[in-house]
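Hello,

Here is the structure I promised to pass on. Have a look at it first, and my notes follow below.

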Amino acid sequence: MIVPAPAHTHAVETEQLSRLFGSFTAVDRVSLRVNYGEIFGFLGANGAGKTTAIRMLCGLLMPSSGSGRVAGFDVYRQSELIKRHIGYMSQKFSLYPDLTGRENLDFYGAAYGLGNTALRARIDELTERLELGQFIHQLAGKLPVGWRQRLALAAAILHRPRILFLDEPTGGVDPVFRRKFWGLLYELAESGVAIFVTTHYMDEAEYCGRLSIMHRGGIIEQGRPFELKKKHATASLEDLFVNLILSREAERA
Amino acid sequence: MAFLIAEDISKKYGENHALDRFCLSIDPAEIFALVGPDGAGKTTLIRILCRLLDPDSGRVTIDGVDTSREYDRVKPLLGYMPQQFSLYPDLSVEENMTFYAGLYGLTGEPYRAKRDRLYEFSNLGPFSGRRAGALSGGMKQKLALSCALIHDPRLLILDEPTTGVDPLSRRQLWEILLQLKSEGVTVLVSTPYMDEVARCDRAAFIFRGRKLSEDTPTALAASFVGRIFYIDCEPTTSLVERANTIPDISAIRFGAGLHLYLRQDDSLDRHLGELAAIGIDRQQITPIDADLEDRFIQLMETKA
């Protein structure tokens with residue numbers, strides 16, 4: 001059954017959201033607002049707490065304290081509804097390598113409860129829009145990385161989620177493919193989808209409308225890429241990222 | 001004399017030319033990048049250079065030694081870090097290093113001295129007892145690099161070493177490569193990421209088994225033909241479309257703004273009226289330099 005989302009303005013909205021594992025604070029009082037139609041880059045080194053934060057936002061992990069709403073649903077009490085209203089794609093997870101692209105999409109469509117006719121039409125539409133062409137009939141495990149990623153994107157948006165979480169979606173993908181992939185993300189954003197994306201590549205962070213940088217569980221900087229570079233007087237986001245983290249670490253020492 | 005020379009390397013898989021008369025020449029203590037899309041032939045070339053794969057034709061020499069004739073003499077000179085993590089996940093950090101050292105006959109005190117030096121490099125010392133499979137992405141790569149360096153190779157070949165590694169770990173990895181260079185080690189690294197190319201002495205763009213261009217990163221970026229401007233605006237699809245209808249201008253969305261591309265001999269002033277007509281004002285426009293990615297895409301589009 002489709003439960004309509006309650007009235008809300010932000011795709012993602014958290015206030016002081018935290019998660020502890022024993023005495024370790026993995027996510028430390030994170031307050032975020034992500035708008036519909038926005039591409040929001042969620043940056044941080046390995047171990048900064050990004051994955052824990054995303055797991056809470058996707059309804060996979062209960063927060064320890066603070067509040068949060070995703071698509072208007074409460075992260076404590078409505079995690080099942082959140083799961084149905086979001087799309088999720090990661091470079092590690094997703095496709096079954098021994099199924100063809102089409103079979104993968106059929107599987108996900110059934111899992112989301114899409115009826116046969118609607119599913120067929122939606123798969124045809126995405127095949128055309130993502131230019132999957134004949135690749136849809138090949139085994140997912142045999143596809144070149146760039147095509148596998150597009151197929152994974154198709155699976156993640158099959159049920160027309162209004163919020164899309166992408167965890168390092170383009171690892172190992174070449175520049176031409178990445179530009180195309182980002183072209184698709186821009187189209188989705190413009191149709192009103194909120195896109196929440198993590199990446200380790202700062203040239204890719206440049207493509208985001210807004211960025212946040214996470215360090216030791218907390219958000220240490222937020223803003224538009226162009227403004228952030230101006231504010232910190234750095235030519236590249238990578239310098240900005242590395243300098244910010246090194247100066248934080250120096251303060252601790 | 002060049003330390004690594006590849007002459008006219010060709011390799012076919014069925015009818016597909018994975019490599020087509022590919023030539024490469026890398027000087028001692030040079031860091032050289034091999035850049036190209038998925039399937040361009042990077043990994044095939046690297047496997048041939050490391051003698052893991054035989055070419056259909058062509059010749060590879062390392063330090064003047066022909067690898068097909070005297071591989072035993074070349075092997076100690078060569079360190080190779082493959083794309084896939086290929087260490088033993090059930091062995092500890094230290095056990096992996098001991099194992100690789102043993103393959104090269106390095107044991108006892110010389111091994112321990114080398115190990116300690118590599119720990120200084122990698123900061124993996126505190127994790128020596130941890131299972132390799134339980135390391136983070138960046139630490140795994142540093143362990144793989146340590147194992148590739150255990151026998152003091154003079155040529156280090158790395159196949160996409162930083163995929164999935166965070167910016168801080170990547171920077172540390174690059175600091176290690178620069179340190180090796182200062183000690184005279186020659187480095188060949190493949191990568192799909194342009195910001196890494198910028199750290200190398202020279203780079204070659206590879207596409208469909210052929211070399212498109214080769215030069216220093218600065219010269220490669222500067223060889224872009226045209227002029228680029230950043231427009232600080234709300235980059236809607238309809239704005240991109242309207243900008244693209246202006247003769248002699250091509251526009252792409254770039255993050256929170258637009259990039260406009262003009263021909264080399266064109267001037268922005270000539271287009272200010274047309275841009276104003278679609279709501280773009282002079283104040284929103286900043287000229288920017290072409291980067292390596294701009295040039296790479298330009299070259300690929302020319303060849304495609």
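A word on domains before anything else: their bounds come from an automatic or database domain assignment. For chain B, that assignment gives domain 1 (4–217) and domain 2 (224–303).

Some housekeeping: this is a predicted model, in which local features need pLDDT of at least 70, side-chain atom pairs count only at pLDDT 80 or more, and totals for chains, interfaces and linings use all residues. Residues are numbered from 1 along each chain as its sequence is written, while chains are lettered from A and ligands numbered from 1 in the order in which they are written.

Back to chain B: the C-alpha centres of domain 1 and domain 2 lie 38 Å apart. Nine residues from domain 1 of chain B and seven residues from domain 2 of chain B make up their contact (two residues are in contact if their C-beta atoms, placed from the backbone, lie within 7 Å).

Between the chains, the contact involves 32 residues from chain A and 31 residues from chain B.

In chain A, look for an open antiparallel sheet of four strands, ordered S2-S1-S4-S5 (strands are DSSP runs of E, at least two residues, and helices runs of H or I, at least four, numbered from the N terminus; two strands pair if DSSP finds at least two bridges between them). S2 (24–35) and S5 (73–74) of chain A are at the edges with a single partner strand each, so one side of each has no neighbour in the sheet. Five bridges join S1 (residues 10–21) and S4 (residues 65–70) of chain A in the antiparallel sense; A:Glu13 has A:Arg69 in S4(A) as its bridge partner.

Best wishes
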